[in-house]
Amino acid sequence: MSGGDTAGRLVRPFTLTGGRTQPDRGDFTLITMVTAAPPPPGGGARLQPEHTRILRLCGEPVVVAELATRLDLPVSVVSILLGDLLAAERIVVQPPRAVTRSLDLELLQKVRQGLDRL
């Protein structure tokens, strides 16, 4: 990798987000599920190539962490781009559901006893 490539890689996320460091809308976590929405009638606003790539990847539900990996971009940058798409109503976001389960102490004790016997 030449020095120019490294410098370009550092500048690119800044230019992709227009200098923004936080998404305008949405509270995206690593496990927020994202799916592409049908395009609006008339096509809507012109998208950046990265927005288009995100929409292609979101044909099937995908989590934010997977999008960042596939796009080879930091999660913070992907979150900002997703915020743009959410504002344009081009994606549907499903936040993670809280899991509430009570611990069954009796079951845990039986598991521990079984492991102790090994």
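Q: Which residues in H2 meet which residues in H4?
A: Glu50, His51, Ile54 and Leu55 of H2 meet Leu81, Leu82, Asp84 and Leu85 of H4, where contact means heavy atoms within 4.5 Å. Helices here are DSSP runs of H or I with at least four residues, strands are runs of E with at least two, and both are numbered from the N terminus.

Q: And what sort of model is this?
A: This is a predicted model, in which local features need pLDDT of at least 70 and side-chain atom pairs count only at pLDDT 80 or more, whereas totals for chains, interfaces and linings use all residues. Residues are numbered from 1 along each chain as its sequence is written, and side-chain values use heavy atoms, with hydrogens and water left out.

Q: Back to the helices: at what angle do H2 and H4 pack?
A: The angle is about 80°, and the axes of H2 and H4 are 10 Å apart; axes are lines fitted to C-alpha atoms, for helices over the stretch in contact, and angles run from 0 to 180 degrees between N-to-C directions. That makes H2 roughly perpendicular to H4, given that angles of 65 to 115 degrees count as roughly perpendicular, under 35 as roughly parallel, over 145 as roughly antiparallel and the rest as oblique.

Q: How do the residues of the contact of H2 with H4 divide?
A: They divide into 5 nonpolar, 1 polar and 2 charged, with Ala, Val, Leu, Ile, Met, Phe, Trp, Tyr, Cys and Pro counted as nonpolar, Asp, Glu, Lys and Arg as charged, and the others, Gly among them, as polar.

Q: What about leucine 47, where is its place?
A: Leucine 47 sits in the loop between S1 and H2 and, at a relative accessible area of 25%, is partly exposed. Beyond residues up to four places away in sequence, leucine 47 touches Thr52, Leu55, Leu85 and Arg90.

Q: How do the axes of H2 and H3 cross?
A: The axes of H2 (residues 49-57) and H3 (residues 64-71) come within 11 Å and cross at roughly 125°, which means that H2 is oblique to H3. Arg53, Ile54 and Leu57 of H2 meet Leu67, Arg70 and Leu71 of H3, and the residues of this contact divide into 4 nonpolar, no polar and 2 charged.

Q: And what is the angle for H3 and H4?
A: H3 and H4 (residues 75-87) pack at about 110°, with axes 9 Å apart, so H3 is roughly perpendicular to H4. Val64, Leu67, Ala68 and Leu71 of H3 make the contact with Val75, Val78, Ser79 and Leu82 of H4, and these residues divide into 7 nonpolar, 1 polar and no charged.

Q: Where is threonine 32, then?
A: Threonine 32 is in the loop between helix H1 (3-16) and strand S1 (33-36), and at 0% relative accessibility threonine 32 counts as buried. Not counting residues up to four places away in sequence, threonine 32 touches Asp27, Val62, Val63, Val64, Val93, Gln94, Pro95 and Pro96.

Q: Last one: how many helices and strands does the protein have?
A: The secondary structure comes to 5 helices and 3 strands, running α-β-α-β-α-α-β-α from the N terminus on. Of the 118 residues in the protein, buried residues make up 25%, and residues 24 or more positions apart account for 76% of the contacts with a separation of 6 or more.

Key:
Buried < 20%, exposed > 50% of the residue type's maximum accessible area, 1.4 Å probe, protein only.
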